[in-house]
Amino acid sequence: RRSAVFCHPDPRPLPCQPVLGSTRPTSGAREGRAGAESSPPHRLGTFAPPSMSILLTFRPVDREWVMGDDMIIDVDNGLRLDSLFKVLSDKKRIPKSRFKLHVPPDRFYAWENGKVGGKADWTVRRAGFYSKSIIKIEPLFPLAWLWHDLDWYEASYIEIIRAALEGCGEARGLSLQELAAATEKPPPLRCTLRAFLRKWPDKFHMETNMNSGTITVALNDMGQGNWVNGLGRPVGLSSV
């Protein structure tokens, strides 16, 4: 008598057989999807602007006085505002709490203990910074910091005075009052015009008229042809 043998099918699926209703990926699928799982899911109907590099122009201004040359820096338009403050502070060695940014026409951003008015996480793109705009960097109070050192402002004032004397058309130069009216002294220089000129006898020559008391200022190379009697000064004048 032949015995009947019943073979029960193996419930486990074959390696290439998909399992219906299962969401468990294979090992190959898991490896291929590792990078995708770390990035945020894409939402239909939304668009993230691409990141790009832009040139920002910063102009230091203190009460309408331009404190120095513009500074142009290359930044990513996705840079946060609080990070931008740190970049500017490091480049010019200015405390973050002592300047504010004026974005035309009427947007202002200040450090405020890193909060930047509640907009610290805003990107420069969202804050309205564009390549063609000029952003003013302003002190929170007058002369809270200097864009350059004092030597730079002294050299700048020397050139301003020189240009005024060369452009006056008078070999004798200008009176002290006329020179003061024709030039603008940088605010960081606290001394008077007369005291400043005395610091540079090799560049400027001052003469006082003994009769009128008028002080005349000239460049040294402008007045050499006017000196008489071998005394190095015009008749009726004395050196200040």
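User: Which residues of α3 are buried?

Analyst: Leu-81, Asp-82, Leu-84, Phe-85, Leu-88 and Ser-89. Looking down the axis of α3, these buried residues fall within an arc of 155°, so they line one face of the helix.

User: And what exposed residues sit on the face turned away from the buried side of α3?

Analyst: Asp-90 and Lys-91 are the exposed residues there.

User: How far does α3 reach from its first C-alpha to its last?

Analyst: Helix α3 covers residues 81–92, twelve residues, and reaches 17 Å, close to the 16 Å expected at 1.5 Å a residue. Just after α3, Arg-93 takes a positive phi of about 55°.

User: OK, on to α4. Which of its residues are buried?

Analyst: For α4 the list is Tyr-153, Glu-154, Tyr-157, Ile-158, Ile-161, Ala-164 and Leu-165. Seen down the axis of α4, they fall within an arc of 145°, so they line one face of this helix. On the face turned away from that buried side you get the exposed residues Asp-151, Glu-166 and Gly-167.

User: What about the span of α4, and what comes just after the helix?

Analyst: Helix α4 runs over residues 150–167, with 18 residues, and its first and last C-alpha atoms are 26 Å apart, close to the 26 Å expected at 1.5 Å a residue. Just after α4, Gly-169 has a positive phi of about 80°.

User: How accessible is Cys-168? And Cys-191?

Analyst: Cys-168 has a relative accessible area of 23%, so it counts as partly exposed. Cys-191 is at 28% relative accessibility and is also partly exposed.

User: What is Val-66 in contact with, leaving aside neighbours within four places in sequence?

Analyst: Arg-59 and Pro-60. The C-alpha atoms of Val-66 and Trp-147 are separated by 9.6 Å, and those two residues are 81 apart along the chain.

User: Let me zoom out. What's the secondary structure of the chain?

Analyst: Seven helices and ten strands. Of the 240 residues in the chain, 32% count as buried. The chain exposes about 16200 Å², with carbon and sulfur atoms supplying 53% of that.

User: And of the contacts between residues at least 6 apart in sequence, what share join residues at least 24 apart?

Analyst: That share is 62%.

User: Last thing, confidence. What pLDDT does the chain average?

Analyst: The average is 80, and 71% of the residues score at least 70.

User: Where does pLDDT stay under 50?

Analyst: Residues 19–23 are one such stretch, and the model has one contact for them beyond four places in sequence. Over residues 29–46 the pLDDT is below 50 as well, and that stretch has one contact in the model beyond near neighbours in sequence. Where pLDDT is low, the predicted coordinates should not be read in detail.

Technical notes. Residues numbered from 1 in each chain as written. Predicted model: local features only at pLDDT ≥ 70, side-chain atom pairs only at ≥ 80, totals over all residues. Heavy atoms only, no water. Helix = DSSP H or I, 4+ residues; strand = E, 2+ residues; numbered from the N terminus. Buried < 20%, exposed > 50% of the residue type's maximum accessible area, 1.4 Å probe, protein only. Contact = heavy atoms within 4.5 Å. Areas by Shrake-Rupley, 256 points an atom, 1.4 Å probe, with all protein chains shown as cover. Expected span 1.5 Å × (residues − 1). Arc of directions from axis to C-beta. pLDDT = per-residue confidence, 0-100.
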